[in-house]
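Grab the model and work through these exercises with it open. Try each task before you read its solution.

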Amino acid sequence: FHLDRDYEVIEERQLIVECRWFESAAADLLPGAPSYRCDIHGRDFPEQPPFAPNISKEPSLLVPDCRVKENQRFRFATYRDSRQPKSRGIIVLLHGLNERNWGKYLTWAQQLVHETGKAVVLFPLALHMNRSPYAWGNPRIMQKVSDTRRNAGSTIANSTFANAAISTRLQAQPERFCWSGLQTLFDLSQFVEQVRRGAYDTLDEDASVD
């Protein structure tokens, strides 16, 4: 499984794996911009509170959320039945929090295709999986962040490299949990709208979406 491969046929399983680009239209919802404006209501909002953690100098954690390029434009994979030129049903398969790769979900996606005949879309949550900077999942880099958090004189008792990025970011601004969820919701809506417009030649415009 490689997200950089556009198209792959798994003949023995009667599967096709397609990977496509997706550009989020909702990235500007996230914190980090100097100011925000709602054109619908004609309202301006003041500068947001500091978004950057003050206990880590790791560059990837200092990028404003709304400027994380991996989160703005990313790849997603679709598993589908190779015997169908167009899938008339779609299952959007999400994942758990703080996930970094799709490995354990691949057999699940294959089985869902075989059991239902529907296409299975592996869609990453905002700022997770391949929608986050490489450094956030790098054990060597994140171990330094974890050590810094433990040595900062706080009451943190159990910190590991695996949760260092998400914990540091949420400690600095807990609202991030809600904002990234909101972006994901808008992205999923955008994806369904694209399906309805016929943007994907192997997904039927009238396909059911679960």
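**Exercise 1. Work out which residues the ring pairs link into a cluster, and look at how F123 takes part.**

Step 1. In this predicted model, ring pairs join F22, F74, F76, F123, F191 and Y200 into a cluster. The rule: rings of Phe, Tyr and Trp (its six-membered ring) pair if their centres lie within 6.5 Å; planes under 30 degrees apart are stacked, over 60 edge-to-face, and the rest tilted. That rule gives 12 aromatic pairs.

Step 2. Take F22 and F123: they pair edge-to-face, 5.4 Å centre to centre, with 85 degrees between the planes. F22 sits in strand β2 and F123 in the loop between β7 and α3 (139-150), 101 residues apart. Helices (H or I, at least four residues) and strands (E, at least two) are DSSP runs, numbered from the N terminus.

Step 3. Now F74 and F123: also edge-to-face, at 5.8 Å centre to centre and 85 degrees between the planes. F74 belongs to strand β5 and F123 to the loop between β7 and α3, so this pair ties together parts 49 residues apart in sequence.

Step 4. Why does F123 count as buried? Its relative accessibility is 0%, and buried means under 20% relative accessible area, exposed over 50%, partly exposed in between (1.4 Å probe, protein chains only). F74, at 1%, counts as buried too.

A note on ground rules: residues are numbered from 1 along each chain as its sequence is written, and side-chain values use heavy atoms, leaving out hydrogens and water. As this is a predicted model, local features need pLDDT of at least 70 and side-chain atom pairs 80 or more, while totals for chains, interfaces and linings use all residues.

**Exercise 2. Find which residues touch the most other members of the largest nonpolar core.**

Step 1. A nonpolar core is a set of buried Ala, Val, Leu, Ile, Met, Phe, Trp, Tyr and Cys residues joined through side-chain atoms within 4.5 Å.

Step 2. Among its 18 residues, the answer is Y79, L93, W102, A109, V120 and L122. The largest share of this core, four residues, comes from α2.
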